[in-house]
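Could you take me through how the helices in this model pack, and where one of its salt bridges sits?

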Amino acid sequence: MSELTLTILRLGLLVALWLFVFAIVGVLRGDLYGTRVTQRVRRGTEPSGPIPGASPARPAALKAGMLSGRRGSHPRKLVVTEGPLSGTSLPLRSQGTLIGRSPECALVLDDDYASGRHARIFEQEGRWLVEDLGSTNGTFVDNRRITAPTPLELGTTLRIGRTVVELAR
Amino acid sequence: MTVVSRFAPRRGRNVELLLVVAATAIVLLAYVNVGVNTHGEVPSSLLVLGGGFLGIALAFHLVLRWRAAYADPILLPVATLLNGLGLVMIHRLDIAHGRSIGEGMALRQLMWSALAVGCAIAAIIIMRDHRVLRRYTFTAGLLGFVLLLLPILPVIGSDKNGSKIWISLGPFSFQPGEIAKIILAIFFAGYFVQTRDALSVAGRRVLGLTLPRARDLGPILVAWVLAIGVLVVERDLGSSLLFFGLFVALLYIATERISWIIIGLTLFAAGAYAAYLMFGHVQTRVLLWLDTFSQEALATSDQLAKGLMGMGAGGMVGTGLGRGRPDITYFAESDFIIPSFGEELGMVGLFAILVLYALLVERGLRTAIGARDGFGKLLAAGLAFSVALQCFVVVGGVTRVIPLTGLTMPFLSQGGSSLLANWVIVAILLRISDHARRPVPESGPTPIGEAPTQVVKL
């Protein structure tokens, strides 16, 4: 065999090794998974925001929905309004959303006053209910400690430790 | 406003298949390189060996499709490639020592590879959920320490090349430290999941560092005494460092307190220095490390010097597989397989191998991040870290970063116990990653509050 073939084989092995490494790195780029946190653009600066004219009406509609609890204003997500995770929102699951310190929870709180599996929000007959899962420091709906599954409406405050969450659409 | 949404990863089984085939192709290319450079022809056994090797890897791949469909797609191809490269290098050293395929070490290593992959497959099939391992936390602890201390025993323990890390039972010799690594990782993970809350209680703040309470220092002192004991009695810095490093790393991961790392490193440094002052064999190791090329060091052992010369001879792109002289160094196929690769693949090839290890470790740590249970997190992190630390100890030893010790390079080095242990590590990581990547079922088990009880049904 010629010296050229030998050199090509020798360097070809090194090239193949590095190509393999880069192929793996390529796979890793497409393999990101877990939870995705997206930053929402503030409404005032959003160029292609909601339909013009609709935005001033929205807070009013929200308030109306809060008072009457209409069918049309069905909550679809949970928003943290106070506490370290303030501003976070996550979709509600009809099978139940767990809140607590344990990593298996949908909303994981880093709060000494919260229990591992603190509370659960679930849907029953078209309404969202919250139940306390035997927490140490209790779950508060509108500042009253709950003992049985309690219905949640849009805008009802739910306090767990130092965190306050609300339902939102 | 921020929105948190979950999304599941792709299974990646087809990507894995593709990468396994690519890995086999690279191994065969390396094998052709050896054949052409030593005998001037493409080896005739190429298709048979290549087919056998691919068959072993594909068997594992199919088992993953069957039993762990969401497992990480990178681990298996990387392990396959490293195992194959090790086989090629051992075969190449067989040729240099004039051994035929039948009597050489490469064939035995290939059989060990098949056996190791078989054990890994069995582990994947038998262990449907890694959390069952937590039941055996303290059994694992006891077994791990027994395995670690087994080589000290008079009859079965055997003294090879200055360190007592082997046991011999008749014709078989075995490094129990390799298996102890996995078993101790299980023990530490299970133990720290239970005790992390007590251990992460903060004590006083000194110089901006939160020190733990004095009474929580117990476990780390026990681990330290054992590690120094291994260093002194078994004369093996590598096992000692691996075992204590694994302990401190898991302690840090479980408690998130940097003070544990500082305490651990200080204790280890102090213990190692005391051992250096008191024991002659530790002084020899340090002399070989600091003054490799001095007269008295060369009179003791020129192994390290030869390895360094070999790597120097390799240069950037290496001499080519089969064209260097790695066989001059003793243990070129086990402890010194990294200088052998450095000589024949050069720095470019050696770094590719090191990056492969880095990717393997990264996937292990990623699995730990994704795991949803504390035990799985700690176990995956511990296993990944043990592979990383072992690579550091071996590569650091042969490149004179730390004193040389007798550990094996995972997957590359010749030796059955090492291969077996590392394939089982890969199997456990695959099992945990399958659990971590599998999407959470939207309709989980009925929550306690809703489950109808028998009384209600009546």
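## Helix packing and a salt bridge

Q: Is the crossing of helix 13 of chain B and helix 15 of chain B left-handed or right-handed?
A: This is a predicted model, where local features need pLDDT of at least 70, side-chain atom pairs need 80 or more, and totals for chains, interfaces and linings use all residues. Residues count from 1 along each chain as written, chains are lettered from A and ligands numbered from 1 in written order, and side-chain values use heavy atoms without hydrogens or water. Handedness asks how the near helix is turned from the far one by less than a right angle (anticlockwise is left-handed, clockwise right-handed). For helix 13 and helix 15 of chain B, the crossing is left-handed.

Q: How many nonpolar residues are in the contact of helix 1 of chain B with helix 2 of chain B?
A: Among the residues making the contact are Leu17(B), Val20(B) and Tyr31(B) of helix 1, plus Phe53(B), Leu54(B) and His61(B) of helix 2. Four polar and three charged residues take part, and the nonpolar ones number 14.

Q: How far does helix 1 of chain B reach from its first C-alpha to its last?
A: Helix 1 of chain B is followed by Gly40(B), whose phi is positive, near 75°. The helix has 27 residues, and 39 Å is expected at 1.5 Å a residue. Its reach is close to that, at 38 Å.

Q: What is the handedness of the crossing of helix 1 of chain A and helix 1 of chain B?
A: Helix 1 of chain A (residues 3-29) packs on helix 1 of chain B at about 160°, with the axes 10 Å apart. That makes them roughly antiparallel. Leu6(A) and Phe20(A) are among the chain A residues in the contact, with Val15(B) and Ile26(B) among those from chain B. The crossing is left-handed.

Q: How many residues apart in sequence are the parts tied together by Asp111(A) and Arg162(A)?
A: The side chains of Asp111(A) and Arg162(A) meet in a salt bridge at 3.5 Å, N to O (Lys or Arg side-chain nitrogen within 4 Å of an Asp or Glu carboxyl oxygen). Asp111(A) lies in the loop between strand 5 and strand 6 of chain A, and Arg162(A) in the loop between strand 11 and strand 12 of chain A. So the pair ties together parts whose separation in sequence is 51 residues.

Technical notes
Contact = heavy atoms within 4.5 Å. Helix = DSSP H or I, 4+ residues; strand = E, 2+ residues; numbered from the N terminus. Nonpolar A, V, L, I, M, F, W, Y, C, P; charged D, E, K, R; others polar. Expected span 1.5 Å × (residues − 1). Axes fitted to C-alpha atoms, helices over the stretch in contact; angles between N-to-C directions. Parallel < 35°, antiparallel > 145°, perpendicular 65-115°, else oblique.
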